[in-house]
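Open the model in your viewer and keep the selection tool handy.

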Amino acid sequence: MQDNNTEIRNVSFEELVDIFTEINDREFMKNFMECLFTPAERDDFANRWILVKEIDKGVTQRDIAKKYNMSLCKITRGSKELNKKDSAFRTVLENYKEKNK
C-alpha cells in the first residue's frame, strides 16, 4: 500500500506531464524549468541527455563516465532505457536528430 505522500507525488508528476505537454513556447518552457528546478537538478537532466547522445554515438560507458564524471550505474541505466523495445529515449532522440539535421 502506498503512503499518502507517494500518491500526492504521483498526482503531481502527472500534472507536470500535462503542463509540459501543453507548453509550446520554448522561452517560456526554459523559464518555467529554471523556476521549477535547481541548477543542480538542471545539470542532472543535461547530463542524462548527454549520456543518451553519447551512447547513441557508440561511445563506451567507461569513456562517458571518465569524460563527464558520471557514475557507471547512471550510464548503464540510461543505456538500458535507450535500448528497450519502444524506448521513449530512443524515440525522442531520433525525433530530435531528424529535426536538427
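Begin by selecting helix α1 (residues 4-22), which gives the second largest pocket the largest share of its lining, six residues. Helices here are DSSP runs of H or I with at least four residues, strands are E runs of at least two, and both are numbered from the N terminus. The model is a predicted one, where local features need pLDDT of at least 70, side-chain atom pairs count only at pLDDT 80 or more, and totals for chains, interfaces and linings use all residues. Residue numbers run from 1 along each chain as its sequence is written, and side-chain values use heavy atoms, with hydrogens and water left out.

**Second largest pocket**

Now show Arg-9, Ser-12, Phe-13, Leu-16, Val-17, Phe-20, Phe-37 and Phe-45, the residues that line this pocket. Its volume is about 180 Å³. A pocket is an open set of points on a 1 Å grid over the protein atoms alone, with protein on both sides within 12 Å along at least five of seven lines; a cavity is a set where a 1.4 Å probe fits but cannot get out, and lining residues have an atom within 4 Å of a point. Points are joined across faces, edges and corners, and volume is the space filled by probe spheres set on them. Colour the lining by class and you will find six nonpolar residues, one polar and one charged. In this scheme Ala, Val, Leu, Ile, Met, Phe, Trp, Tyr, Cys and Pro are nonpolar, Asp, Glu, Lys and Arg are charged, and the others, Gly among them, are polar.

**Largest pocket**

Next, select Met-29, Met-33, Phe-45, Trp-49 and Val-92, which lie nearest the centre of the largest pocket among its 20 lining residues. Two or more lining residues come from each of α2 (26-36), α3 and α6 (88-99), and α3 has the largest share, six. The space here is about 1,100 Å³, with 12 nonpolar, one polar and seven charged residues around it.

**Last stop: Ser-79**

Finally, pick Ser-79 in helix α5. Ser-79 counts as buried because its relative accessibility is 12% (buried is under 20%, exposed over 50%, partly exposed in between, with a 1.4 Å probe and protein chains only). Beyond neighbours within four places in sequence, Ser-79 contacts Ile-55 and Gln-61, a contact being heavy atoms within 4.5 Å.
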